[in-house]
Amino acid sequence: MNEDYYIKAVSALGLKYMDKKKDEVLVEFKTKNMRDKFSKCAKFLLYETGNKYDGGVGTKCVFAKGYIKIPKEYESSNEQYNKNFPFTIKCVIEKVVENHHQGFSIDMINKICPGLNFQPKPTRGGLYPINKTQFNALSAEMSEEWKKLF
């Protein structure tokens, strides 16, 4: 069993392909290499970037967690911000905050996981490795915080 965990950055409205009935989503990548790396992870958190989109600006928060459904390759013709994201992988979303502003900000992430120093940068390809302890700490805190919302 693979023990890789990631925070995956997605552009605002990055889950527009989500199937609400199955909580499935195609997570997109610019490069095959990043998609292949992500496809082997145990679990992941999704972070919405602060990019502008039609109706506003992204939240800069972790808003969902999930796992890879099947490490199967998909192709996409999605283009955002004049950048092509042709490589995707099907994932299952276990938890999602509908109002992304109630997710975990960069400051909260770094407070829960001292030493992580999470600072999203476009040059990293949107994929940030974290260890199992950090994933579990963020996941446990999410569960407690999100219980208050529902």
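Of the 150 residues of this protein, 45% count as buried, where buried means under 20% relative accessible area, exposed means over 50%, and partly exposed is in between, with a 1.4 Å probe and protein chains only.

A note on the source. This is a predicted model, in which local features need pLDDT of at least 70 and side-chain atom pairs count only at pLDDT 80 or more, while totals for chains, interfaces and linings use all residues. Residues are numbered from 1 along each chain as its sequence is written, and side-chain values use heavy atoms, with hydrogens and water left out.

Next, the elements. The protein has three helices and 11 strands; these are DSSP runs numbered from the N terminus, helices being H or I of at least four residues and strands E of at least two. From the N terminus on, the order is β-β-α-β-β-β-β-β-β-β-β-α-β-α.

Take strand 2, residues 24–29: five of its six residues are buried. Strand 2 runs antiparallel to strand 9, residues 87–96, and six bridges join them; two strands pair if DSSP finds at least two bridges between them. F29 has F87 as its bridge partner in strand 9.

Which residues have the most contacts inside the largest nonpolar core? They are I7, L45, Y47, V62, I109, F118 and I130, in a core of 18 residues. Such a core is a set of buried Ala, Val, Leu, Ile, Met, Phe, Trp, Tyr and Cys residues joined through side-chain atoms within 4.5 Å. Among the elements that give two or more residues to this core are strand 1 (5–10), strand 3 (43–48) and helix 3 (132–149). Apart from it lies another core, of 16 residues, including V25, C41, F63 and I68.

Y47 touches, among others, I7, V62, F63 and F118, not counting residues up to four places away in sequence; contact means heavy atoms within 4.5 Å.

Last, the cysteines. A search of the whole structure finds zero disulfides, a disulfide being a pair of cysteine sulfur atoms within 2.5 Å. For C41, the nearest cysteine sulfur is that of C91, 7.0 Å away. C41 is buried, with a relative accessible area of 7%, and C91 is buried too, at 0%.
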